[in-house]
Amino acid sequence: MIQKMALEELDRFGEKIIEGFQLSDNDLRALLSLESEEDLEKLYYVARKVRNHYFGNRVFLNCFIYFSTHCKNQCAFCYYNCKNEINRYRLTRNEIKEICKALKGAGFHMVDLTMGEDPYFYEEPERFVDLVQMVKEELRLPIMISPGVMDNTTLLKAREKGANFFALYQETYDMELYQRLRVGQSFEGRVNARRFAKEQGYCVEDGILTGVGNDIESTILSLRGMKTNNPDMVRVMTFLPQEGTPLSGFREQSNLSELKIISILRLMFPECLIPASLDLEGIDGMVHRLNAVANIVTSILPPDSRLEGVANYDRDLEERDRDILSVVKRLESMGMEPAQQAEFEAFLGCYN
C-alpha cells in the first residue's frame, strides 16, 4: 500500500480520501502494520494533506476543567477509580466561577467540564446542570461536558442550558477487552448515551485506548465501532499505567502507537476534530500529535492551575507548561495558528 508509493502517488491517495474513498479492513491492517520511520512519514504526509484541505494550518484550543475527581466506577486503567486510595477534590460553584473569570478573553474556543461519575452530582443531577448554566453565562463559549453516562433527562437539560459537545469514550469496541477495562459497566449504555446526545443536537466525541493489550484486529474493531457513532471528534490515547490501579504494572510492547492511529483516524474521519492532548507528554507531545494530524489541543489548563488531568504525567512537576500562552507560542513556531472563534462555531453547527 503506502510503502511502495512515490510522492505523486501519495498526493493522489490523499485526494482519493478527500473525494470520499473508504479504507477497507485490509487497508487498515496494512496501515496498522507500518513500522519503519520512512513508511510512517508517508502515512503522516498523506494525513496532513487531508487535514490541510479541511482545516489549513489552523488549530482549535480546548480548556480543561476537571472539577471533580470523585467517581463511583472501578475502571481498571483509571487513577480515579473508586477503589484507589488517593486525595480527591470537588470544586465548589464559586471556585469554578473564579476559574471562569480568569479564562475570559484568554482565546479558548471551548471549555471542557470534566468529572468522574461523582455520586454527589449523580444523586442530584440539577447540581451539574446548574454548573453548565453558570459557566455558559460567565464565558459565552461552547461547552463540552464529560460527565460519564448521565441519564437522558440530565443530558437534555444540560443541552438546554448551553452544553454543545458531549464526550464519552468507549475505550475499546473489543467486548472482552472492554469488560476488563470498564469493570461492571454497560457497553451498550455508553453507546446509547452518545446516540441519544447526537439525536438531541450535541456534537459527540468518542475515544479509544491503545497499549492495553489490543492487537491489530482489536484496533480495527474499535475503529469501525467509532465509525457507527457518526462522531464529530475522535480520540486515541496511549495507556499510561497509574499507581494504585489494577493495571499499574502493565507494560505492553506494541507497534500500535498513538501517532500512527491518529493519522489513520484522519483518513477515516477526514472532517472530524482529532485531539492532541497535553495529558501524556505536555507541549512536546502536542507537537508530535499535531504533526500526525491532530487539529484541536486539549487538556490546556487555566493559568497557574493545580487541577488534575486524565493521566497527569506532570502531577509533581513545579512547572507544568500547560497554559494557553505556552501552547500558542509553540503553535506559531510550527507555522500553525489558533483558528478564529467563528470557524469553530461553524464547525459545531449545533452551536447556540
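This report walks through the fold, core, cysteines and aromatic rings of a predicted model.

## Ground rules

Residues are numbered from 1 along each chain as its sequence is written, and side-chain values use heavy atoms, with hydrogens and water left out. Because the model is predicted, local features need pLDDT of at least 70 and side-chain atom pairs count only at pLDDT 80 or more, while totals for chains, interfaces and linings use all residues.

## Overall fold

The protein chain has 14 helices and nine strands. Both are DSSP runs numbered from the N terminus: helices are H or I with at least four residues, strands are E with at least two. The radius of gyration is 19 Å, close to the 20 Å from the globule rule for 352 residues, so the chain is as compact as a globular protein of that length. This radius is taken over C-alpha atoms, and the rule is 2.2 Å times the number of residues to the power 0.38. Along the principal axes, the C-alpha atoms fill a box of roughly 60 × 45 × 40 Å.

Of the 352 residues, 57% count as buried. Buried means under 20% relative accessible area, exposed means over 50%, and partly exposed is in between (1.4 Å probe, protein chains only). Contact means heavy atoms within 4.5 Å. Among contacts between residues at least 6 apart in sequence, 75% join residues at least 24 apart.

## Nonpolar cores

A nonpolar core is a set of buried Ala, Val, Leu, Ile, Met, Phe, Trp, Tyr and Cys residues joined through side-chain atoms within 4.5 Å. The largest one has 96 residues. Leu61, Phe67, Ile145, Leu223, Leu267 and Met286 touch the most other members. Strand E1 (residues 58–68) gives the most to this core: seven residues. A separate core has 13 residues, including Phe60, Phe165, Cys203 and Ala339.

Take Met286 as an example. Leaving aside neighbours within four places in sequence, Met286 is in contact with Ala276, Leu278, Val297, Val327, Arg330 and Leu331.

## Cysteines

The structure holds zero disulfides (pairs of cysteine sulfur atoms within 2.5 Å). For Cys63, the nearest cysteine sulfur is that of Cys100, 8.6 Å away. Cys63 is buried, at 0% relative accessibility.

## Aromatic rings

Rings of Phe, Tyr and Trp (its six-membered ring) pair if their centres lie within 6.5 Å; planes under 30 degrees apart count as stacked, over 60 as edge-to-face and the rest as tilted. The count comes to 15 aromatic pairs. In one, the rings of Phe60 and Phe347 have centres 6.5 Å apart and planes at 40 degrees, so the pair is tilted. Phe60 lies in strand E1 and Phe347 in helix H14 (residues 341–348), so the pair ties together parts 287 residues apart in sequence. Phe60 is buried at 3% relative accessibility, whereas Phe347 is partly exposed at 21%. Ring pairs link Phe55, Phe60, Phe344 and Phe347 into a cluster.

Tyr120 and Phe121 pair edge-to-face, because their planes are at 90 degrees, with centres 5.0 Å apart. Tyr120 is partly exposed at 35%; Phe121 is buried at 3%. Arg127 lies over the face of Tyr120, 3.8 Å from the ring centre. The charged end of Lys72 sits over the ring of Tyr122, 5.1 Å from its centre. A charge sits over a ring if NZ of Lys or CZ of Arg is within 6 Å of the ring centre and within 35 degrees of the ring normal.
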